[in-house]
Amino acid sequence: MVPGETLHEHTMEAVTSSRPYHIVVFGASGFTGKFVVEEVARYAAESTRDNRLTWAVAGRSGQRLKGMLKQAADRLAMPELSTDIDIIAADVSSKESLAKMCQQAVVILNCVGPYRFYGEPVVAACVENGAHYIDICGEPQFLEHIQLEYHTKAMDRGVYVIGSCGFDSIPADLGILYTQSHFKGTLTAVESFLTISSGPEGSCGHDATWRSAVHGFADSGALRQLRRKFGHKPLPVVGTKVRPRGFVFFSREIMQYAIPFMGSDPSVVKRTQRFLYQEESRSPIQYYAYVGVGGLCSVAKLFCGGLLFGIMVRFSLGRKLLTMFPRFFSFGLFSKAGPTIKQIEDTCFNMTFFGEGYAEAADPSKGPPNAKICTEVMGAEPGYVATVIAMVQAAVTLLKEKHSLPRRGGVYTPGSAFYNTSLIDRLHNRGFKFSVRTYQEATKA
């Protein structure tokens, strides 16, 4: 699709008197939830009368939700938000309240994290009460646990449960599909390199993301045990096997030091590749993700911080200290206050994909790869701008193109859910940029 081209719109799934809202934002008064509410409000304001998006907010405190809606009304110059948007009382500790919330919505946007502590009751309520579920989780253990426990139940109920629909991991998962769709031949391997650019005030993440990382690293052994329960056979390696790079290395692709990306992207992409191999007989792609960390000074700081972090997450006292003082132990990368509006406005991301494979006439079983491709996905600040755009557009795609999603329901990654939809085009229209580049352009940038 050419940027600026009008996207052919589908009709929004109908709401009913018993299920009156297309979208309910759960955890709407939380740090990320507030940004999700503003994005939903912007999108709803653009919807036509015949295709109008109806929505509500939900959470524990009606007073906080009212305050949040008033703040959003002021920020967006939409006074109607403080009077016209319904508020639903719901708490993860109350199964009854979650059921009532899910019975009123077509799609629940779950913004309550860390998901390993608070996510499963919401998934269960959605499946039991017929509401589709979308989250922005970057925790592989939670995502894979939900797939193991709820995939069959969700299929039986016709409910879609789609995790990691934020910066974790839509740019990576859909970026791979975009790269594959533009490769003329058989794409066999991709490496991605993430760089984040910020202004003079730097960038910062919120405490909730930091807490998820602390508990995720502390419980990495449980993830290995969980994966054994699936009983998956290794995906076949097509073409030359690609080896992962070292823990720290100088990347000529992005001209700075890089490390393996520790987030959910590799896990999510692998699950998508397995789905497409098993369900669509697509050739699986080997994938390794890296993130740029800058120069030698940054590497030294990362090494010292990573060593301390690795020791402290092993002990309950260490984890307590890490979560009590995120700014200190993360060298300012995370804080309880989160980023300022200025930091958000001045930050953006670039994810570049370097792929290799075999041209259309070549046989992948004979010889090394003979063709390359470079693509990139660019967007605004990843945590609270790109994430909320991706989450809302995933929900809109589910509402408008459910006929293009696989089967009748189930637990899916973004790539396996949306590979046959126009989600990439929708993201493009909301400020993401997917593009093909030459290797020469990419390495000179």
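View 1. The structure holds 18 aromatic pairs, a pair being two rings of Phe, Tyr or Trp (its six-membered ring) with centres within 6.5 Å, called stacked if the planes are under 30 degrees apart, edge-to-face if over 60 and tilted for the rest. Phe249 and Tyr290 form one that is edge-to-face, at 5.1 Å centre to centre and 85° between the planes. This pair links distant parts of the chain, with Phe249 in strand β9 (residues 249-251) and Tyr290 in strand β11 (residues 286-294), 41 residues apart; helices (H or I, at least four residues) and strands (E, at least two) are DSSP runs numbered from the N terminus. Phe249 counts as buried at 11% relative accessibility, and Tyr290 counts as buried at 2%, where buried means under 20% relative accessible area, exposed over 50% and partly exposed in between (1.4 Å probe, protein chains only). The model is predicted, so local features need pLDDT of at least 70 and side-chain atom pairs count only at pLDDT 80 or more, whereas totals for chains, interfaces and linings use all residues. Residues are numbered from 1 along each chain as its sequence is written, and side-chain values use heavy atoms, with hydrogens and water left out.

**View 2. The ring pair of Phe275 and Tyr412.** The ring centres of Phe275 and Tyr412 are 5.8 Å apart and their planes stand at 85°, so this pair is edge-to-face. Because Phe275 lies in helix α11 (residues 265-280) and Tyr412 in strand β15 (residues 410-412), the pair ties together parts that are 137 residues apart in sequence. Phe275 is buried, with a relative accessible area of 11%, and Tyr412 also counts as buried, at 3% relative accessibility.

View 3. Strand β1 (residues 21-26) is joined by 5 bridges to strand β4 (residues 105-110), to which it runs parallel, and Tyr21 stands opposite Ala105 in β4.

Technical notes: Two strands pair if DSSP finds at least two bridges between them.
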